[in-house]
Amino acid sequence: MGVKERKEREKVLRRDEILKTGEKLFIEKGFGNTTMDEIARACELAKGTLYLHFKSKEELLSAIMYKALTELYELMFKYQSGISDPVERLRKIGEAYFEFYNKYPEHFRLLNDVHVPGKFHPDANDESHKMLHERIRSIWGLNMGIVKDGINNGVFRETADPLEIAISLWSISTVMIRMHDFKKYMLEANRHDHADMPFYKFDFLNVITVNAKRIIYSILKNPPADIDLMK
């Protein structure tokens, strides 16, 4: 290996280490409570060296989120690949989203916690943010594309709005998984502060299934007369 190749390899390895360290600290302390100084110290790097790889904390977070969303996209793509029925494809997309939560719960929380006004202001000119934006577009494009295919194949009504359906399915899934995650955390921590609250006995995952069916069946061109939403 030549000097140039070795230096490039070291640069890639250092960038990966910064990503892993930043991700760990953002998850443990929260994005707003983590500084670039802390990340540099944890990586045993000079702050100036850290800035050679990422100009800001926001750019670092964009790169971390891109990595997480790429994992989500690959799961979604894999789960629905090779299936022709758009209804089944949408169901598989939902399975992939929950699998993403199961495999990468910290990533799921990080992705959903930073979308709060005032916490995350990425520079639109950063390459990391541009890549993140394109990855987000690809995920929405995959979901909307399934609905469009269903319309073109005569399975879904022509008046169905692909974006509206994608947003509706994402919203119900995200909110219910977050509630499921909170309930799981409270039970594992043996916390009973909210033991008298109705959601302690609530099956949030079943709510996702039932409501996703309602959303999908609402756009079927020829819905069966004996739909049982509870199955």
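This is a predicted model: local features need pLDDT of at least 70, side-chain atom pairs count only at pLDDT 80 or more; totals for chains, interfaces and linings use all residues.
**Close-up 1. Helix 9 from end to end.** Helix 9 covers residues 204-217, 14 residues in all, and reaches 20 Å from its first C-alpha to its last, close to the 20 Å expected at 1.5 Å a residue. That expected span is 1.5 Å times one less than the number of residues in the helix. Helices here are DSSP runs of H or I with at least four residues, numbered from the N terminus.

Residues are numbered from 1 along each chain as its sequence is written, and side-chain values use heavy atoms, leaving out hydrogens and water.

**Close-up 2. The buried residues of helix 9.** Which residues of helix 9 are buried? They are F204, V207, I208, V210, A212, K213, I215 and I216; buried means under 20% relative accessible area, with a 1.4 Å probe and protein chains only. Their cover includes helix 5 (86-103) and helix 8 (162-188).

**Close-up 3. N112 in helix 6.** Look for N112 within helix 6, residues 105-113. N112 is buried, its relative accessible area being 13%. Leaving aside residues up to four places away in sequence, N112 touches Y97, T174 and R178, where contact means heavy atoms within 4.5 Å.

**Close-up 4. K92 in helix 5.** K92 belongs to helix 5. Not counting residues up to four places away in sequence, K92 touches Y79, Q80 and I83. L75 and K92 are 17 residues apart in sequence, and their C-alpha atoms are 9.8 Å apart in space.

Note on methods:
Helices (H or I, at least four residues) and strands (E, at least two) are DSSP runs, numbered from the N terminus. Buried means under 20% relative accessible area, exposed over 50%, partly exposed in between (1.4 Å probe, protein chains only).
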